[in-house]
Amino acid sequence: EEAEKWLRKAIEIDERLGDEPKLAIDYNNLSQINKARGQLEEAEKWLRKAIEIAERLGDELHLAIDYNNLSQINEARGQLEEAEKWLRKAIALMEPKGPSTTLETLRSNLEQLEREKKQQTHTS
């Protein structure tokens, strides 16, 4: 509750200043708060706003992070194919930039998702 209150104040300020890079991060963070509460529709709504800004700005690092987070929302819904699609888009953005902790995290998330998909196939 407290985190959301302060984040919404930051959003007001960043909207007033027209600071799109910070606004995209604010929206991503608000999405994460909603995801943690299990409010996946609301989480996706804010994340899509962050993605729209990152795409417009050509901010590939934050876009990869946003795609990863969208993957996690889809995974939480049990939509594993959709989750994989967004995760692969994130990896495709980061691979040309060379090794990084972000790329390692994305690849690790993909491995986990692939294990989850196999498990789902075996139990169905």
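Predicted model: local features only at pLDDT ≥ 70, side-chain atom pairs only at ≥ 80, totals over all residues.
Glycine 38 sits in the loop that joins helix 2 to helix 3. Its relative accessible area is 52%, and because the threshold for exposed is over 50%, glycine 38 is exposed.

Next, go to glutamate 4, in helix 1, which covers residues 2-17. Is glutamate 4 buried or exposed? Its relative accessibility is 14%, and buried means under 20%, so glutamate 4 counts as buried. Show its side chain together with that of arginine 37: the two side chains make a polar contact at 2.6 Å. Leaving aside residues up to four places away in sequence, glutamate 4 touches Leu30, Ile33 and Arg37.

Move on to tyrosine 27. With residues up to four places away in sequence again left out, tyrosine 27 touches Ile11, Glu15, Trp46, Lys49, Ala50 and Ile53. Tyr27 also belongs to the largest nonpolar core, which has 31 residues. Select Tyr67 and Leu106 as well; along with Tyr27, these residues touch the most other members of that core. To see which elements supply two or more residues to this core, colour helix 1, helix 2, helix 3, helix 4 (60-76), helix 5 (80-94) and helix 6.

The next stop is an empty space. Rolling a probe the size of a water molecule over the atoms shows where such space is left. How many cavities of 30 Å³ or more does the structure hold? There is 1. About 40 Å³ of space lies in the largest cavity. To find its lining, select Pro21, Ala24, Ile25, Ile53, Ala54, Leu57, Asp59 and His62. Helix 2 (20-36) and helix 3 (40-57) are the elements that give two or more residues to this lining. By type, the lining residues of the largest cavity divide into 6 nonpolar, 1 polar and 1 charged.

Finish at histidine 122. Histidine 122 is in helix 6, which spans residues 101-123. Its relative accessibility is 69%, which is why histidine 122 counts as exposed.

Methods:
Residues numbered from 1 in each chain as written. Heavy atoms only, no water. Helix = DSSP H or I, 4+ residues; strand = E, 2+ residues; numbered from the N terminus. Buried < 20%, exposed > 50% of the residue type's maximum accessible area, 1.4 Å probe, protein only. Polar contact = N/O pair within 3.5 Å; in protein donor to acceptor, adjacent residues only side chain to side chain. Contact = heavy atoms within 4.5 Å. 1 Å grid on protein atoms, 1.4 Å probe; cavity = no way out; pocket = protein on both sides within 12 Å on 5 of 7 lines; lining within 4 Å. Points joined across faces, edges and corners; volume = space filled by probe spheres on them. Nonpolar A, V, L, I, M, F, W, Y, C, P; charged D, E, K, R; others polar. Core = buried A, V, L, I, M, F, W, Y, C linked by side-chain atoms within 4.5 Å.
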